[in-house]
Amino acid sequence: MTYLDHNATTPPAPEVIAAMLPVLAKLWANASSRHGPGQEAKRALSRARATVARVLGCKPSEVIFTSGATEANHLAVRGLLEAAPAGRKRVVLSSVEHAGHLRLARALAQNGVSVDLMPVLANGALDLGAARALIGPDVALVSLMAANNETGVLMPVAEVAALSHAAGASLHVDATQFIGKLPFDFSTWGADAVSFSGHKLHGPKGVGALLLRQGVALVAQIVGSQERGRRGGTENLAAIVGLSVALEHLGDVAQDAQRVSNLRDALESGLCQALPATHIWGRHVPRLPGTSYLRFGKLSVDVVLQRLERLGIAASSGAACSSAGSAPSHVLTAMGVPTDEALAAVRLSLGRTSTAADMQYLLKNLPPLLAPLLQEAPTTATPFT
Ligand code: PMP
């Protein structure tokens, strides 16, 4: 199989699996127990926390382990909102946040919280002017993704952090697609809280964390004594160890990013050459290195995915979570893309497992399958030059 769906999930690294197995088999005691095995589990938990903190540039006490990014996002938004001073009850998010995050925003709005969405431009980049107008003195928190999971477009996190702080609001960043793909340090953006997930960076599923800057007030959403009272529940030690090992083995992230973006650029050029009806979203703004979000004329994504499947290539129609539905992507809709074009969206996401041979294989085999279909259904798309 040629795996081009790294934004949906990544295979766990062999080192991760090797580190998790002995934890499952031997370190199964509860890290809150006072007996010897419990204390051994507690030490392993502390070591994993210290590793996560070292790799991500924060203090161990600033790491709150969760069941993944969805939970970390919920904890940040609800927790920061509830802790905000009276009079600050407005939440500002971008219109292209992860579907689960927007669902949370809708739930908050139904409960009387005032929620505003920062729009994006046609190229997928955040409309900073509109963001500036929305971030006022009544805002409790701003929540912005570092990189979009569909287009890969990078968001101006440092600028929005400055706007948020100038208005006295907190900034939460969903860095789920960013960490592991581009160099990251907690101090760089000046964000108050940052979420991420293990399975997007060759770690296990069902584990992630919220990094919370020391001194920032947060109300726990799952109460319990673990994680310094900020997230209750017996720790999933094997997964936490797996996450720490995945981070430790990220290697030279900047060098990998260059390698992967070279592959992606070659793939995009080859596709545009072989199939001039190819249109790539976000191509001319800063993007994640491995993400290519495109359409072939207006060929339905189902038709394209079927041909990819036939070739043994795993790809996706935008957000994996919505690929079963036939609704156009909310991200493309927010960019003003017409429905018929949005329904043709295919996401190829390259990563650590991707090779030049994968690109050559796709470029050799996909265009001959799609070209006749594109001739049958002439496109109104402007060819890429
Ligand atoms: N945020 C973003 C930007 C994502 O891409 C994802 C995963 N698709 C999530 C949050 C949710 O992550 P998890 O699967 O760890 O809950």
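Predicted model: local features only at pLDDT ≥ 70, side-chain atom pairs only at ≥ 80, totals over all residues.
The domain assignment divides the protein into two parts. The domain centres, taken over C-alpha atoms, are 28 Å apart.

The two domains share an interface. On one side, 24 residues of domain 1 take part, and they contact 28 residues of domain 2. The size of an interface is often given as the accessible area lost when the parts come together. Here the buried area is about 2,200 Å². Carbon and sulfur atoms give 63% of this area. Within domain 1, Leu288, His330 and Met335 supply 26% of the area buried against domain 2, more than any other three residues.

Polar pairing is present across the interface, with 10 residue pairs in polar contact, both partners at pLDDT 80 or more. Salt bridges between the domains number zero. On the domain 1 side, helix H9 (253-274), strand E10 (291-296) and helix H11 (330-334) each supply at least two of the touching residues. By class, that side has 14 nonpolar, seven polar and three charged residues.

Attention then turns to Thr176. This residue sits in the loop between strand E6 (170-174) and helix H7 (186-189). Thr176 counts as buried because its relative accessibility is 8%, under the 20% cut-off. Its side chain makes a polar contact with the side chain of Asp174, at 2.4 Å. Beyond four places away in sequence, Thr176 touches Ala69, Ser195, Phe196, Ser197 and Lys200.

How values were computed:
Residues numbered from 1 in each chain as written. Heavy atoms only, no water. Domains from an automatic or database assignment. Contact = heavy atoms within 4.5 Å. Buried area = accessible area lost by both parts, 1.4 Å probe. Salt bridge = Lys/Arg side-chain N within 4 Å of Asp/Glu carboxyl O. Polar contact = N/O pair within 3.5 Å; in protein donor to acceptor, adjacent residues only side chain to side chain. Helix = DSSP H or I, 4+ residues; strand = E, 2+ residues; numbered from the N terminus. Nonpolar A, V, L, I, M, F, W, Y, C, P; charged D, E, K, R; others polar. Buried < 20%, exposed > 50% of the residue type's maximum accessible area, 1.4 Å probe, protein only.
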